[in-house]
Amino acid sequence: MNSEKAIALTFDDGPNLVTTPEVLDILEKYHIPASFFVCGNNIDAETAEVMRRAVKMGCEIQNHSRSHSDMTKMSLKDILDEIDFTSDAVEKAVGKRPEFFRPPYIAVNDLLFDNIDLTFIQGVGAEDYIDDISPEERFKRIIDQTKDGIIILLHDAKGNFRTVKAIDMIIPELIKDGYRFVTISGLFKEKNIVPKKGILYTNVFQEERYYH
Ligand SMILES: [Zn+2]
């Protein structure tokens, strides 16, 4: 199993009632899981339902802060509030606490690394938050960067239909290339890698630390 090529598809900035369900429809079509890095402020009774649907499909819900602000400009108290609020809301909604964290804007500093007890995740992206980048260009950028152990970073922000279109091309292409889609925790497990503190992971084989 470990010789198989595996990757994790991840989505940031949800959950919402428009684009998150559209992404789930595509995942369902191909019978694959993904991991959703959610913002606590987007979680309410209705979007909690969407997250429960995702978990039932084998997806994971992870932490992308509460307010989606640059956390390198925050006090320790505010940093911990951002993390705890979201982890509490996710746990309440789906019964499982996040183990992974994607910092908003991938902005990090020592204070974040020293005090957030979650594995830090980055990933390869396609600037899919920019409307001018077509679904075809998003597809090309992701395909060009994909290799075994990689984490793919896309966005299920409300209205991002270009990424919904793009994943309907990306997923079958990568399946054809022999990749298996797993969750973010599944990717570490599958490769027998214990996530380390101080690394901002773009692929699970990465060893270089953010600071020394
Ligand atoms: Zn984000």
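A charge sits over a ring if NZ of Lys or CZ of Arg is within 6 Å of the ring centre and within 35 degrees of the ring normal. Start there: select R102 and F37, and you'll find R102 over the face of F37, 4.4 Å from the ring centre. Now try R66, which lies over the face of F85 at 3.5 Å from the ring centre.

A quick word on what you have open: this is a predicted model, where local features need pLDDT of at least 70, side-chain atom pairs count only at pLDDT 80 or more, and totals for chains, interfaces and linings use all residues. Residues are numbered from 1 along each chain as its sequence is written, and side-chain values use heavy atoms, leaving out hydrogens and water.

**Next stop: the rings**

Rings of Phe, Tyr and Trp (its six-membered ring) pair if their centres lie within 6.5 Å; planes under 30 degrees apart count as stacked, over 60 as edge-to-face and the rest as tilted. The whole structure has 5 aromatic pairs. Select F100 and F188: their centres are 5.6 Å apart and their planes at 25 degrees, so they're stacked. F100 is in strand β4 (residues 100–101) and F188 in helix α7 (residues 184–190), 88 residues apart. (Helices, H or I with at least four residues, and strands, E with at least two, are DSSP runs numbered from the N terminus.)

Ring pairs link F100, F188 and Y201 into a cluster. F188 and Y201 are both buried, where buried means under 20% relative accessible area, exposed over 50% and partly exposed in between (1.4 Å probe, protein chains only).

**Then: the zinc ion**

Which residues coordinate the zinc ion? Click on D13 (OD), H64 (NE2) and H68 (NE2), at 2.0 to 2.1 Å. Donors are N, O and S atoms within 2.8 Å of the metal (3.2 Å for Na, K and Ca); water is not among the atoms, so sites may look incomplete. D13 is partly exposed, with a relative accessible area of 22%, whereas H64 is buried at 2%.

**Last stop: helix α6**

Select residues 161–176, the 16 residues of helix α6. Among its buried residues are V164, I167 and L174. The buried residues of α6 pack against β1 (5–12), α1 (19–30), α5 (135–145), β6 (151–155) and β7 (179–182), with contact meaning heavy atoms within 4.5 Å. Finish on G178, which follows α6 and has a positive phi, near 95 degrees.

Key. Expected span 1.5 Å × (residues − 1).
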